Amino acid sequence: MTTGSDDLHVLLGAYVLGGLSDDDHRAYSEHLRSCTQCQAELGQVSGLPRLLDLAGPEGGLHLVKTPPGAPIPLMKEPDDERVSTLLTEVGKRRRRRRTLASVLGAAAAVALFAGGAWLGPSMLQASTPEPPTTHVTASAPGSAASVDVALVTRGWGTQLDLECSGLPANSPLTLWVVDNYGKEYAAASWRAGGSGYTKLTGATSVPTYEIKSVEVRTSMGKVVAAART
């Protein structure tokens, strides 16, 4: 016989049942010392000789109490065929276990992927810090307008979120930003509705720390609300 790893691997059944020659038994014993797969499979079928002993020479008939006078049934298979059947069944069970392990592994991978897809955006959102924001309320003497302004620091400048009430109805308005040097920049323009309530977002390239004040003016230049930042 050859003594390659695959050749030795298939000798497990004969090794367990004591059917190897002295040379083959010695070679397989050496193989077992280093082959973890064969060691694991040996543990699964090592009880076969004991089961065959319990079955007895008549195939286990002594384990069942036979009524007096009943005929003793004959074995349908010779001993060597019965051993071959047992070994075949062991092989089928090993293959079923390997298939189940593969299915479970695939299911675990899908679960991990799905969990990562669900947790990923949540973790990203939780780790993203809120940008610095400054809140001011703008008003003007003799004006009923009130404007809440949130100045949000952005990499490109400043985002201005406005919530206005009491504005002149149906009047075109402009939000102006005045920097520390007195320069003025239009950040948003809109027409107030009939209720005088407006909510909108404006933007300017002026950094938040350089904005000195914000003003809401009519198309005629009248200031209806102003606040220093």
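## Salt bridges and a buried loop residue

R217 is buried, at a relative accessible area of 13%. Here buried means under 20% relative accessible area, exposed means over 50%, and partly exposed lies in between (1.4 Å probe, protein chains only). Salt bridges that share partners join R217, E184 and E215 into one network.

This is a predicted model, in which local features need pLDDT of at least 70 and side-chain atom pairs count only at pLDDT 80 or more, while totals for chains, interfaces and linings use all residues. Residues are numbered from 1 along each chain as its sequence is written, and side-chain values use heavy atoms, with hydrogens and water left out.

**Salt bridges**

The structure holds four salt bridges. The term stands for a side-chain nitrogen of Lys or Arg within 4 Å of a carboxyl oxygen of Asp or Glu. Side chains of opposite charge can pair when their charged atoms come close. The table gives some of the pairs.

| Pair | Closest N and O atoms |
|---|---|
| R26 and D23 | 3.1 Å |
| E184 and R217 | 2.9 Å |

E184 forms its salt bridge with R217. This pair links distant parts of the chain: E184 sits in strand β5 (residues 184–191) and R217 in strand β7 (residues 211–218), 33 residues apart. Helices (H or I, at least four residues) and strands (E, at least two) are DSSP runs, numbered from the N terminus. E184 is partly exposed, at 42% relative accessibility.

Helix α3 (residues 22–34) holds both R26 and D23. They are three residues apart, about one turn of the helix. D23 is exposed, with a relative accessible area of 54%.

E30 and R33 also lie in helix α3. Their spacing is three residues, about one turn of the helix. E30 is partly exposed at 44% relative accessible area. R33 counts as exposed, at 66% relative accessibility.

**The loop residue A145**

Where does A145 lie? Its place is in the loop between β1 (133–138) and β2 (146–154). A145 counts as buried, with 3% relative accessibility.

Which residues touch A145, leaving aside its neighbours within four places in sequence? A145 is in contact (heavy atoms within 4.5 Å) with A138, S139, S165, G166, L167 and V224. Y197 stands 52 residues from A145 along the chain. The C-alpha atoms of A145 and Y197 are separated by 9.3 Å.
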